[in-house]
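Thanks for coming. I will go through one model today, starting with its charged pairs and then moving to the sheet and a few backbone details.

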Amino acid sequence: MSDNELGLFLRTRREAVTPAEVGLPTGPRRRTPGLRRAELATLAGVSVEYVTRLEQGRDRHPSPQVVAALADALRLTASERVHLHRLTKSAGGGLCTGAAAPALTVRPTVRALLERLEPAPAVLLNRIGDLLAWTAGYERLAGPLGILDGNPPNLARYLFGDPRARTAFPDWDRVADEQVAALKHGPFRADPHVAAPADELTVTAGAEFADRVRTLPGLPAATGVTRLAHPEEGTLRLAYETLELPAEDDQRLIVHLPADGACAAALDRLDGRRPGALRAVSA
């Protein structure tokens, strides 16, 4: 399996930028989705041979000046620039032997924050997808679906290993994409603590997992709307926001809100609240 995450990221971003976005003409015979390598090279002020070496993984250590030029040419967002910088630091094939193990404990103030978020469905995860703590509102949603099974429960293992997952998430393919992107958000296989569960899922889930690792960059969506099929309330549309905790925590908090009135009413019923007590957000 390729470990060329830097090359994959550059290629997928290049293919996502249209010539019109960067002021280039669009011809009727274009076969490349997005920019050609030569066009990216011209915009970034480097040779097309160098862009090719980066995308193919034959050069994995571009200078900060080249990284900045590529980021400008690809119109990267702030979070994409941070991700690109991390990839240039982790590229090289060696393991990050000093990487700390994924956190399994939760700071008291973070637990207090979760309590304050009640009755909103909120969950705290570490970098390998372990669910570390959650609100009672989240348990009412996720518990009946089996998401909280395991010690600790793990979202990646649930999605790729539990047959209930495809029923629980009507948009399973998109949710699976996001979970793989979350696993890859950082050093990925250079981190032995991430490489181990990734290797496990490569074996147990096969192509469903391995193909996503090969083709998806490590950029999970921080916000969006997901559908969840609850056994009592039917399919619910939930808006989510991802909040990154400080780097030393290495954890992320995902808070769910009702994306429409029907979902708001369903959450009210599950929470035992009066109708309308939990307002929906506009999707």
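First, a term: a salt bridge here is a side-chain nitrogen of Lys or Arg within 4 Å of a carboxyl oxygen of Asp or Glu. By that rule, Arg166, Asp173, Asp177, Glu208 and Arg212 are linked in a network of salt bridges.

Before going on, the ground rules. This is a predicted model, in which local features need pLDDT of at least 70 and side-chain atom pairs count only at pLDDT 80 or more, while totals for chains, interfaces and linings use all residues. Residues are numbered from 1 along each chain as its sequence is written, and side-chain values use heavy atoms, with hydrogens and water left out.

One of its pairs is Glu208 with Arg212, where the closest N and O atoms are 3.1 Å apart. Both residues lie in helix H12, residues 207-215, and are 4 residues apart, about one turn of the helix. Helices (H or I, at least four residues) and strands (E, at least two) are DSSP runs, numbered from the N terminus. On accessibility, buried means under 20% relative accessible area, exposed over 50%, and partly exposed in between, with a 1.4 Å probe and protein chains only. Glu208 is partly exposed at 33%, whereas Arg212 is buried at 9%.

How many salt bridges does the structure hold? The count is 24. Another of them joins Glu5 to Lys184, with the closest N and O atoms 2.9 Å apart. This pair links distant parts of the chain: Glu5 is in helix H1 (5-16), and Lys184 is in the loop between helix H10 (172-183) and helix H11 (192-204), 179 residues away. Glu5 is buried, with a relative accessible area of 12%, and Lys184 is buried too, at 1%. Asp72 and Arg81 also form a salt bridge, closest N and O atoms 2.4 Å apart. Here Asp72 is partly exposed at 43%, and Arg81 is partly exposed at 33%.

Now the sheet. Two strands pair if DSSP finds at least two bridges between them. The sheet is open, has 5 strands in the order E2-E1-E5-E4-E3, and its pairing is antiparallel. At the edges are E2 (131-134) and E3 (223-230), each pairing on one side only. The twist averages 30° from one strand to the next; axes are lines fitted to C-alpha atoms, for helices over the stretch in contact, and angles run from 0 to 180 degrees between N-to-C directions.

Last, the backbone. Most residues other than glycine have a negative phi, and most peptide bonds are trans. Where are the cis bonds I want to show? One runs from Glu118 to Pro119, with omega near 5°, and another from Asn151 to Pro152, with omega near 0°. Pro119 lies in the loop between helix H6 (108-117) and E1. As for phi, Arg75 has a positive value near 55°, and so does Asp250. Asp250 sits in the loop between E4 and E5 and is partly exposed at 29%.
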